[in-house]
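Please write a short report on this structure.

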Amino acid sequence: MIPLLGITTQALFAQLLVGLINGAFYALLSLGLAVIFGMLNIVNFAHGALYMMGAFFAWFLLNALHIGYWPALVLAPLGVAIFGMIVERTMLTRLQGLDHIYGLLLTFGLALIIQGLFQNYFGSSGQPYPVPELLKGGANLGFMYLPNYRAWTIVFSLAVCLLTWFAIEKTRLGAVLRAATENPQLTRAFGVNVPRLITLTYGFGVGLAALAGVLAAPIYQVRPLMGADLIVVVFAVVVIGGMGSIMGSIVTGFALGLIEGLTKVFYPQAANTVVFVVMALVLLVKPAGLFGRKA
Amino acid sequence: MTDIAPHAPAPPASAPAAKSSTELLAIAGLALVLAAAPLAAYPFFLAQALCLALFACAFNLLVGYGGLLSFGHAMFYGSASYLAAHAAKVWGLPPEAAILAGTLGAGLLGLASGALSIRSQGIYFSMITLALAQLVYFIALQSPYTHGEDGVQAVPRGKLFGLIDLSNDVTLYYVVLAIFLFGLFSIYRIVHSPFGTVLKAIRENETRAISLGYRVDQYKRAAFVLSATLAGLAGATKAIVAQSATLTDVHWTTSGEVILMTLVGGMGTMVGPVFGAFVILAMQNYLSTFGQWVMVIQGAIFVVSVLSFRRGLIGEIANRFKISL
């Protein structure tokens, strides 16, 4: 152990790891928010609740149906995405042409309903979810101990983020998506079924949130309010990055996780608030966010 | 994003021809009912309800007339509540000075947070106010003056102007009613002043207001500070009434509740938020034994209101009779 500014490298790297993991969740969630906002012009306040639903979906699969982590990694996002698409078809679609604030209010109401229902059945306490057999244990890197599951979380979410970026920025499907974001009427005139594209986009964004929930289940406990406080931080992350850019939200998510981890080492009292302080500073310099176009 | 989609704001509840005199009548009627209300309900409950009603009216000034949805108004209500409680308990100030201190504190906080948030449009504004309110929440959680989870308890009510003893609930209620009516009448005057007219013009069409030469950011910032100050007045009064200031007052759930009250009563109506506050409070009281179902029902009211009831209770009535309420 080499002490650095009075802090052991062990503690420093441990907090950096926690920061990276939080950053991975910020990135996955803000990415989903950005994709949804691009297509639907709605800020999805239910994102945190759907993240929680993803974790509970995995927990339910394991405890009721004895379906393990790996199938849950696919099934939970799929299930939550279907739920999200039903919500989009039945409710969100009716808000088209109205002020943005109604989308925010509606999804806020949805978040209250979902969180309230889960709290009724599970209380506020957490349900444990075991780390999958394959990823148990860890590696001693000399300067720190790295649990396998945490390494997996970071690598996997980074891969998902980059894949999403690639799909949206570099493929034909992504081109159609961006065209529909830019000008839905004209894209429809070219024969693209834009309403269906909107529904699928919402399902995809929501699925990303659920995926983050499954990834989080073995690390944090599965709690009904696990997404409620997270979503406010993610909103701040989105404001810092600006919602214009996919890569921007990935980079900002990971960077802010790291900053939060560093704050925990050097000035723990501010660990909860540092993201909001960074947001305030960024707004002073660049009101549209670091990667945002002028809002 | 399309250029075609109109930036449709909160549905204007007032018919074009409507005069503001009906609003004044509504306020007067409300004052009469509230003056007689202690005959029918507990004055302590009513006093608390009036604080929330004033909070909702202050919030409505911003969202209903300025078209700005703040998702962090609890920071003004809550911090004013803490400040007033601290002033009355630790500094030993009389209630009027404590309330004044809380109100001014909220106004200053409004000035600072408005400077950061007002330059951002629509949805960004909501997210920024929410994040700033969360910052205030964490400060309240950790600061030594706020006593963390316990909050500030046993705040003395004291004597108003050294004369009127507020320990009597009925006396207290009428003092709170006076504060409430002062706040509501201020909002009425603000909305019907030239300033308020420009504010509504900005809500309807910001681009046109800019082209007419108005500095819209200054108008919006002024509306934000006024709304924050009045929300602070409500929060500070609440600290004296409930004799406590707690973390709940600064939590985002309070920000959500005030939105719900305003939405249910009618955004952009003068007396709607008052009714909304009473409806939501009555519901919470009635359902308090059902635990988390209150949250579910509040969520359901949000969803139903947004989908098919956007004018709110008073807004629907006003629209039906083509009057302004």
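Leaving aside residues up to four places away in sequence, A:N44 touches A:L33, A:I36, A:L50, A:T107, A:Y202, A:V206 and A:F235. This comes from a predicted model. A:N44 sits in the loop between helix 1 and helix 2 (47-65) of chain A. Its side chain makes a polar contact with the side chain of A:Y202, at 3.0 Å.

A:Y202 also takes part in a helix contact. Helix 1 (residues 9-40) of chain A packs against helix 8 (residues 194-216) of chain A. The angle is about 170 degrees, and the axes lie 9 Å apart. Angles over 145 degrees count as roughly antiparallel, so helix 1 and helix 8 of chain A are roughly antiparallel to each other. Helix 1 of chain A contributes residues including A:F25, A:L29, A:G32 and A:I36. From helix 8 of chain A come, among them, A:L197, A:T201, A:Y202 and A:V206. The contact residues divide into 18 nonpolar, three polar and no charged.

Next, the cysteines. A disulfide is a covalent bond between the sulfur atoms of two cysteines. The whole structure has zero disulfides over all chains. Take B:C51. The closest cysteine sulfur is in B:C57, 12 Å away. A disulfide needs sulfur atoms within 2.5 Å, so the sulfur of B:C51 is too far from that of B:C57 for a bond.

| Residue | Relative accessible area | Class |
|---|---|---|
| A:N44 | 0% | buried |
| A:C161 | 0% | buried |
| B:C51 | 2% | buried |

Conventions: Residues are numbered from 1 along each chain as its sequence is written. Chains are lettered from A and ligands numbered from 1 in the order in which they are written. This is a predicted model: local features need pLDDT of at least 70, side-chain atom pairs count only at pLDDT 80 or more; totals for chains, interfaces and linings use all residues. Side-chain values use heavy atoms; hydrogens and water are left out. Axes are lines fitted to C-alpha atoms, for helices over the stretch in contact, and angles run from 0 to 180 degrees between N-to-C directions. Helices (H or I, at least four residues) and strands (E, at least two) are DSSP runs, numbered from the N terminus. Angles under 35 degrees count as roughly parallel, over 145 as roughly antiparallel, 65 to 115 as roughly perpendicular and the rest as oblique. Contact means heavy atoms within 4.5 Å. Ala, Val, Leu, Ile, Met, Phe, Trp, Tyr, Cys and Pro count as nonpolar, Asp, Glu, Lys and Arg as charged, and the others, Gly among them, as polar. Buried means under 20% relative accessible area, exposed over 50%, partly exposed in between (1.4 Å probe, protein chains only). A polar contact is a pair of N or O atoms within 3.5 Å; within protein, one must be able to donate a hydrogen and the other to accept it, and residues adjacent in sequence count only if both atoms are side-chain atoms.
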